[in-house]
Amino acid sequence: MTTNIEEILRVDDVLPFNPVTDVYQSFILGITPKQAQYILHYHNRDNRKISTTQVNKIFKSIENDNWLLDGQPITFNVEGNLTEGQHRLSAIVKVKDESRSFKVVIVTGVARDTFSKTATNKKRNPIDEIQRKHS
């Protein structure tokens, strides 16, 4: 896959990885609010509309419980477009402390059209938590 040289130069200045790749790989790194904003600006071109309500819920969770290491990845398809994580990244952008870093799992090289073709996660309901704790 060919990569736009302008994209490489931008990535080197802001991100320690290039989202535009056909190499399927995962790694863990810290994302700052500045990097989250960069990803949303340059790599969120093929995604659903952002829900302000969801962003606010995540931001409130960060304020109340800190950043929880839940294993949910931030994913990029082979074209470098964000496929999962736009709401979490938007919540990170709202954090005022620019030096703060949030540990995330990054996955690159995700196949195109996974958003449309992959079965969605089951919605969590209060009864799920009850049954999880009290089988």
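Before the first pair of helices, one definition: the axis of a helix here is a line fitted to its C-alpha atoms over the stretch in contact, and angles between axes run from 0 to 180 degrees between N-to-C directions. Please also keep in mind that this is a predicted model.

With that, take helix 3, residues 52–65, and helix 4, residues 86–93. Their axes are 8 Å apart, and the two helices pack at an angle of about 60°. An angle of 65 to 115 degrees would count as roughly perpendicular and one under 35 as roughly parallel, so helix 3 is oblique to helix 4. The crossing of these two helices is right-handed. On the helix 3 side, the contact is made by Gln-54, Val-55, Ile-58, Phe-59 and Ile-62; on the helix 4 side, by His-87, Arg-88, Ser-90 and Ala-91. Sorted by class, the residues of this contact are five nonpolar, three polar and one charged.

Helix 4 has another partner, helix 2. Which way does helix 2 pass helix 4, left-handed or right-handed? The crossing is left-handed. Their axes come within 8 Å and cross at roughly 135°, and helix 2 and helix 4 are therefore oblique to each other. Helix 2 brings Pro-33, Ala-36, Gln-37, Ile-39 and Leu-40 to the contact, and helix 4 brings Gln-86, Leu-89, Ser-90, Ile-92 and Val-93. That contact has seven nonpolar residues, three polar ones and no charged ones. Ser-90 of helix 4 is listed in the contact with helix 3 and also in the contact with helix 2.

In general, strands of a sheet pair through backbone hydrogen bonds, in either a parallel or an antiparallel way. Here, strand 1 and strand 4, residues 102–110, run antiparallel and are joined by seven bridges.

Notes. Residues numbered from 1 in each chain as written. Predicted model: local features only at pLDDT ≥ 70, side-chain atom pairs only at ≥ 80, totals over all residues. Heavy atoms only, no water. Helix = DSSP H or I, 4+ residues; strand = E, 2+ residues; numbered from the N terminus. Parallel < 35°, antiparallel > 145°, perpendicular 65-115°, else oblique. Left-handed = near helix turned anticlockwise from the far one by under 90°. Contact = heavy atoms within 4.5 Å. Nonpolar A, V, L, I, M, F, W, Y, C, P; charged D, E, K, R; others polar. Pairing = 2+ DSSP bridges.
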